[in-house]
Amino acid sequence: MAGGTLLSLHGRVIGRVESTGSDKWGRFCYTTLRGSRDEGIIIINAYRTCHVKADNPGPFTSYQMEYVGLRESGIKNPQPRFQILQDLTALIDEKRSQGFRPIVMMDANEDWVAQSHKQQGNKLQKFMQQTQLADPYFTKFNQAPRTYVRGQHRLDYILVDTALLPAIRHIGYLGSMDANLSDHTMAYVDFDEKTLFKGLINRPTEIHSREFMIPYVKMTRNLNSQH
């Protein structure tokens, strides 16, 4: 399984689940949660390989497994590191059209603030702009702490639809090895559930809700006779 991602839900929010899905190469998985006013959110967990072809990745790397899978699917000369951003964009656009606002949790293997991959065209920043995703941690603290113990850059993100920013109560990163035995630090976000799921689109009330009654029989008959 290339990459491999997991998304787990607990508690009463399970009652909001409308659908779940995953990429067949393990690059990302997602869950849609229904809110109010025919709206909701989609939570996506994604892993983006750190390699490009010039790195000459080994046969058992996520890059190589994704490369083979994408090529077998009909993509000529696939570029897994860039392809995942295109596929995530397509998923986000599709779900947005259905009323789901995205929350993307991703090991992106790129620091958009420090422009760690400028030579590759700052793909992560362009992805955020194209999908209208905000980086709420950087917006709040104007910092980009390292999230990889063997590096100096922030590689891990929680990105959200800009309309969901008011629902965020807390966001941050834990220290190295805190609550997570990994070479990456744990990121977290705390949402106000009521605000998160309240919906934003104003829709007209149903026809039956706009009916009115006139208690005067004579006036009612006059109005009816005019139609």
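This briefing describes the fold, the cores and several individual residues of one protein. The model is predicted. The protein contains 6 helices and 8 strands, and 40% of its 227 residues are buried. Among contacts with a separation of 6 or more, 61% join residues 24 or more positions apart.

**Overall architecture**

- Strand β1 covers residues 17-22 and strand β2 covers residues 28-34; the two run antiparallel and are joined by 5 bridges.
- Thr 20 has Thr 31 in β2 as its bridge partner.
- The two strands form a hairpin with 5 residues between them, and Gly 26 in the turn has a positive phi of about 80°.
- Arg 27 is also placed in the loop between β1 and β2.
- Arg 27 counts as buried because its relative accessibility is 1%, and the cut-off for a buried residue is under 20%.
- The side chain of Arg 27 makes a polar contact, at 2.7 Å, with the side chain of Asp 87.

**The nonpolar cores**

- The largest nonpolar core has 21 residues; those that touch the most other members are Phe 28, Ile 44, Leu 88, Val 104, Met 106, Leu 124 and Phe 127.
- Two or more residues of this core come from each of β2, β3 (40-47), α2 (80-97), β4, α3 (123-131) and β6 (156-161).
- Helix α2 gives the largest share of this core, with 5 residues.
- A second, separate core consists of 16 residues, including Val 13, Tyr 137, Ile 158 and Phe 191.

**Val 104 in strand β4**

- Val 104 belongs to strand β4, which covers residues 100-107.
- With a relative accessibility of 1%, Val 104 counts as buried.
- Leaving aside residues up to four places away in sequence, Val 104 touches Ile 44, Ile 92, Leu 133, Tyr 157, Ile 158 and Leu 159.
- Val 104 and Tyr 30 are separated by 74 residues in sequence, while the distance between their C-alpha atoms is 9.1 Å.

- The buried residues of α3 are Leu 124, Phe 127, Met 128 and Thr 131.
- These residues lie on the same side of α3 because they cover an arc of only 100° around the axis.
- Gln 129 and Gln 130 are exposed residues on the face of α3 that is turned away from the buried side.
- The cover over the buried residues of α3 includes α2, β4, β5 (133-134) and β6.
- Leu 124, one of the buried residues of α3, touches Arg 48, Leu 85, Met 106, Ala 108, Glu 110, Trp 112 and Tyr 157, not counting residues up to four places away in sequence.

Definitions and conventions:
Residues are numbered from 1 along each chain as its sequence is written. This is a predicted model: local features need pLDDT of at least 70, side-chain atom pairs count only at pLDDT 80 or more; totals for chains, interfaces and linings use all residues. Side-chain values use heavy atoms; hydrogens and water are left out. Two strands pair if DSSP finds at least two bridges between them. Helices (H or I, at least four residues) and strands (E, at least two) are DSSP runs, numbered from the N terminus. Buried means under 20% relative accessible area, exposed over 50%, partly exposed in between (1.4 Å probe, protein chains only). Contact means heavy atoms within 4.5 Å. A nonpolar core is a set of buried Ala, Val, Leu, Ile, Met, Phe, Trp, Tyr and Cys residues joined through side-chain atoms within 4.5 Å. A polar contact is a pair of N or O atoms within 3.5 Å; within protein, one must be able to donate a hydrogen and the other to accept it, and residues adjacent in sequence count only if both atoms are side-chain atoms. The arc is that of the directions from the helix axis to the C-beta atoms.
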